[in-house]
Amino acid sequence: MASLIFTGPMGLPLDRNGFNDRVWRPALRAAGVGTGRDNGMHALRHFYASVLLDAGESIKAVSEYPGHHDPGFTLRTYTHLMPSSGTRTRAAVDRVFTDEEPTEDGPDTAQEGA
């Protein structure tokens with residue numbers, strides 16, 4: 001059993017609504033930031049997912065971290081935030097042809113299987 005990192009005053013798991021009411025919204029007001037949906041805890045989840053996707057994390061991992069049960073839901077929700085596959089594809093091909101040492105999975109390997 002894992003220990004909780006953040007707990008409420010009684011040592012129980014944090015309740016999202018209670019945290020929003022007692023901690024998050026008062027902190028936003030003190031900082032002069034609006035307390036609407038755009039600055040809510042749900043927006044932090046979206047930010048977290050977008051940071052992971054930008055770093056190249058897989059949809060499967062991004063779906064597990066916030067507790068989504070279906071990676072398809074995560075893909076439908078965040079697909080617009082995923083990095084351009086064209087850029088990654090060109091970089092991958094460039095790496096294969098610029099490596100000085102042969103790799104076990106490069107174009108020579110593909111020719112061997114033909």
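Reader: Hello! Does D70 count as exposed or partly exposed?

Author: At 38% relative accessibility, D70 counts as partly exposed. Here, buried means under 20% relative accessible area, exposed means over 50%, and partly exposed is in between (1.4 Å probe, protein chains only). Before we go on, this is a predicted model, in which local features need pLDDT of at least 70 and side-chain atom pairs count only at pLDDT 80 or more, while totals for chains, interfaces and linings use all residues. Residues are numbered from 1 along each chain as its sequence is written, and side-chain values use heavy atoms, leaving out hydrogens and water.

Reader: Thank you. Which residue forms a salt bridge with D70?

Author: A salt bridge is a side-chain nitrogen of Lys or Arg within 4 Å of a carboxyl oxygen of Asp or Glu. In this case the partner of D70 is R76, and the closest N and O atoms are 3.7 Å apart. R76 counts as exposed, at 58% relative accessibility.

Reader: How many salt bridges does the structure hold?

Author: There are 3 salt bridges. One of them joins D21 to R25, with 2.5 Å between the closest N and O atoms. K60 and E64 form a salt bridge too, their closest N and O atoms being 2.6 Å apart.

Reader: Where do K60 and E64 lie?

Author: Let's start with how helices are assigned. They are DSSP runs (H or I) of at least four residues, while strands (E) have at least two, and both are numbered from the N terminus. K60 and E64 both lie in helix α3 (residues 59–64), 4 residues apart, or about one turn of the helix. D21 and R25 are likewise 4 residues apart, both in helix α1. As for accessibility, K60 is exposed at 51%, E64 is partly exposed at 45%, and R25 is partly exposed at 30%.

Reader: Now for the inside. Which residues make the largest nonpolar core?

Author: A nonpolar core is a set of buried Ala, Val, Leu, Ile, Met, Phe, Trp, Tyr and Cys residues joined through side-chain atoms within 4.5 Å. The largest one here has 6 residues: A49, L52, L53, I59, V62 and Y78. Helices α2 (41–54) and α3 each give two or more residues to this core, and α2 has the largest share, with 3 residues.

Reader: Is T74 buried or exposed, and which residues does T74 touch?

Author: T74 is buried because its relative accessible area is 0%. Its place is in helix α4 (residues 71–78). Contact means heavy atoms within 4.5 Å. Not counting residues up to four places away in sequence, T74 touches I59, V62, S63, H68 and T79. With H68 there is also a side-chain to side-chain polar contact at 2.7 Å. A polar contact is a pair of N or O atoms within 3.5 Å; within protein, one must be able to donate a hydrogen and the other to accept it, and residues adjacent in sequence count only if both atoms are side-chain atoms.

Reader: What about L81: where is L81 found?

Author: L81 is in the loop between α4 and α5 (85–98). L81 is partly exposed, at 31% relative accessible area. Leaving aside neighbours within four places in sequence, L81 is in contact with S50 and L53. The C-alpha atoms of L81 and H46 are separated by 9.8 Å, although these residues are 35 apart along the chain.

Reader: Last one: where does F6 lie, and is F6 buried or exposed?

Author: F6 lies in the segment before α1 (16–30), and F6 is exposed, with a relative accessible area of 62%.
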